[in-house]
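Here is a short briefing for anyone meeting this structure for the first time. Please have a look at the sequence and the model before reading on.

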Amino acid sequence: MRDVAHLRDVGPRDGLQMVKTILTTDQKTEWFAAAASAGIGEIEVTSFVPPKLLPQFADAEEVARRAVGMRTFKAAALVPNRRGAKRALACGLDTINFVLSASEAHNKANVGRTTDSSLRDFSDVVEARNLKAGTKPTLGGCIATAFGCTIQGAVDEARVVEIAARLAELGADEIVVADTVGYGDPGQVKRLLRSVIGAVAPLPVACHFHDTRGLGLANVTAAVEAGVRAFDASIGGLGGCPFAPGASGNINLEDTAFLLNRLGLETGIDIAGVIALRRKIEGWLPEAEFAGAIARAGMPRTDVEFADAR
């Protein structure tokens with residue numbers, strides 16, 4: 001049996017937060033259904049932030065409840081503070097991802113507080129999750145700007161490891177290491193991920209890469225070599241951070257699934273089904289920039305036409 005890798009589609013959250021067109025709740029629900037049918041097992045469906053800041057997520061509660069009700073995938077959401085977490089906890093989500101930044105400058109721009117203040121918020125979120133009646137969601141501790149920051153510049157790797165260890169100590173179920181602005185390179189990725197994994201074991205560690213400077217898939221390969229088996233990606237490579245100047249899209253989900261398969265890892269994803277969904281999303285978002293090689297070039301003939309002959 002082949003080793004398994006998990007891909008989470010963050011397109012409905014990270015992919016939509018900078019586009020001008022506001023998708024309807026029905027369109028988002030259609031996205032979830034098609035993504036699940038294509039074998040995507042987890043989707044970050046929304047973000048619990050003030051609608052005046054990101055109007056794309058004014059329907060966060062309704063989107064979350066619909067996603068949870070579908071029960072064909074794990075429904076996740078991003079929260080930046082205690083208030084957002086309280087809203088998310090009321091919706092019965094499978095996963096709540098709490099984000100903070102290793103860069104102090106980015107954390108202040110993103111959530112208006114220091115990183116240590118956000119860590120104290122996370123402690124309160126863990127307590128609220130533990131007190132919740134019934135099924136309790138998985139809590140992810142997401143470390144943004146872990147590889148560098150367009151506002152601050154360099155980010156101390158030891159600080160990233162320290163934050164990861166603190167999140168684990170406070171009660172995170174998973175650590176997500178994020179290259180929010182696409183500064184990471186394969187050597188840095190392998191070095192930092194090995195340190196983070198060593199600091200938080202046995203907690204699982206996932207990665208969130210952007211392809212801002214063309215190294216996204218190379219960084220995925222480096223992370224796999226470091227032991228990571230879970231990644232965020234976005235259909236069509238949509239995405240970016242509104243508080244990080246110059247940040248472009250996430251790694252492309254179709255291309256990432258293809259790469260992981262080539263590396264001998266099983267994703268369970270039907271790439272053709274993902275591309276069909278991508279075409280629909282392209283029609284919904286005519287002004288958005290879409291990236292990715294597989295959607296343009298297609299699958300190799302060895303993968304499609306001659307599969308039985310291998």
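The points below go from the overall fold to the aromatic ring pairs.

This is a predicted model, in which local features need pLDDT of at least 70 and side-chain atom pairs count only at pLDDT 80 or more, while totals for chains, interfaces and linings use all residues. Residues are numbered from 1 along each chain as its sequence is written, and side-chain values use heavy atoms, with hydrogens and water left out.

**Overall fold**

- The protein has 13 helices and 10 strands, where helices (H or I, at least four residues) and strands (E, at least two) are DSSP runs numbered from the N terminus.
- With a radius of gyration of 18 Å, close to the 19 Å from the globule rule for 310 residues, the protein is as compact as a globular protein of that length; the radius is taken over C-alpha atoms, and the rule is 2.2 Å times the number of residues to the power 0.38.
- The C-alpha trace spans about 55 × 40 × 40 Å along its principal axes.

**Inside and surface**

- Among contacts with a separation of 6 or more, 73% join residues 24 or more positions apart; a contact means heavy atoms within 4.5 Å.
- The accessible surface comes to about 12800 Å², and 53% of it belongs to carbon and sulfur atoms; these areas come from the Shrake-Rupley method with a 1.4 Å probe, and for residues only the protein chains shown count as cover.

**Aromatic pairs**

- The count comes to 4 aromatic pairs: rings of Phe, Tyr and Trp (its six-membered ring) pair if their centres lie within 6.5 Å, with planes under 30 degrees apart stacked, over 60 edge-to-face and the rest tilted.
- One of these is the tilted pair of Phe 98 and Phe 122, at 5.4 Å centre to centre and 55° between the planes.
- Because Phe 98 lies in strand β5 (residues 95–101) and Phe 122 in helix α6 (residues 115–131), this pair ties together parts that are 24 residues apart in sequence.
- Phe 98 is buried at 0% relative accessibility, and Phe 122 is buried at 0% as well.
- Phe 209 and Phe 231 have ring centres 6.5 Å apart and planes at 35°, so their pair is tilted.
- That pair links distant parts of the chain, with Phe 209 in strand β8 (residues 205–209) and Phe 231 in strand β9 (residues 230–233), 22 residues apart.
- Phe 209 is buried at 0% relative accessibility, and Phe 231 is buried at 1%.
- Ring pairs also link Phe 147, Phe 209 and Phe 231 into a cluster.

Terms used: Buried means under 20% relative accessible area, exposed over 50%, partly exposed in between (1.4 Å probe, protein chains only).
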